[in-house]
Amino acid sequence: MSLLCNARLVKCIKRIVPVVKHIATNSNNRVITFSNTKQSILNSVQTTSLLKSPNATKSIIFGFSLLGLFGLDDKSDSERKLIYTIKRGILYLQNDDYNAFEKTLHDALQIANDLNHFDGITYVFDVLANGAFMNKDYDKAKSLFLAVINRLFEQGSYDDDLNILHINLKISKIFEAQKDYKSSKIGYEFCLDRLKKKYELDPENEDILGLYSLTLDAYARYLMNQGYTKNACFYFKKAYDISVKLNG
């Protein structure tokens with residue numbers, strides 16, 4: 001399942017960006033924003049993947065849902081209301097009003113439940129999980145991410161699908177934040193193993209390159225924090241090489 005640049009994601013970004021502009025700032029305080037083109041999405045992904053800013057976890061990479069508004073059609077009044085409610089909740093999150101974000105997303109969840117909309121419910125869970133992640137409510141985020149994974153499995157996803165791997169990467173980051181380093185290491189290495197195989201089979205796939213670079217960078221930071229400087233440098237170099245390949 002394509003993650004970073006598939007048509008559904010581009011459609012989702014085009015819907016959400018007019019309301020919410022997730023930004024990250026690099027060491028030169030240059031603002032990086034999403035516009036409406038596929039290439040700018042790629043550029044933002046590539047740039048934010050190696051950020052060292054304390055706000056890096058608020059970037060589109062670690063702090064936002066990339067599932068896309070699957071199966072939602074804004075031509076329907078009820079689904080248009082659901083989409084609008086989700087957008088409004090994300091706007092609260094952007095403005096650091098987590099309580100309003102959570103309340104609004106629960107309103108969206110009620111709408112999705114009333115519609116009996118499986119994909120809509122999954123998407124709301126994922127946005128709630130990312131909001132909890134950004135708010136450092138790690139237990140809640142982990143529980144919600146696992147619920148999303150289970151729902152994706154119900155739809156026929158496999159454990160090496162990019163959406164699944166992206167969520168597993170976030171869960172690994174949560175384990176690291178909670179100082180469960182053994183589980184964190186297992187998670188990072190699981191993601192890297194699956195992504196390495198995907199990369200070897202399809203080395204020009206931009207979706208794979210983006211997530212692989214991000215995961216290499218996250219694992220390198222984990223190793224650096226654990227004091228394994230030499231190994232960390234090796235993975236930082238690999239992350240850099242993949243990022244350069246992605247940028248062209």
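Modeller: Let's start where the charged end of Arg151 sits over the ring of Phe118, 4.0 Å from the ring centre (CZ of Arg or NZ of Lys within 6 Å of the ring centre and within 35 degrees of the ring normal). Bear in mind that this is a predicted model, where local features need pLDDT of at least 70, side-chain atom pairs count only at pLDDT 80 or more, and totals for chains, interfaces and linings use all residues. Residues are numbered from 1 along each chain as its sequence is written, and side-chain values use heavy atoms, leaving out hydrogens and water.

Now the ring pairs: the structure holds 9 aromatic pairs (Phe, Tyr or six-membered Trp rings with centres within 6.5 Å; stacked under 30 degrees between planes, edge-to-face over 60, tilted for the rest). Among them, Tyr98 and Phe101 make a tilted pair, 5.6 Å centre to centre with 40 degrees between the planes. About one helical turn separates Tyr98 and Phe101, because they are 3 residues apart in helix 5 (residues 98–115); helices are DSSP runs of H or I, at least four residues, numbered from the N terminus. Both Tyr98 and Phe101 are buried (under 20% relative accessible area with a 1.4 Å probe, protein chains only; exposed is over 50%, partly exposed in between).

Phe234 and Tyr235 pair edge-to-face, with 5.1 Å between centres and 85 degrees between planes. Phe234 has 47% relative accessibility, so it counts as partly exposed. Ring pairs join Phe234 and Tyr235 with Tyr188, Tyr219 and Tyr222 in a cluster.

Terms used:
Helices (H or I, at least four residues) and strands (E, at least two) are DSSP runs, numbered from the N terminus.
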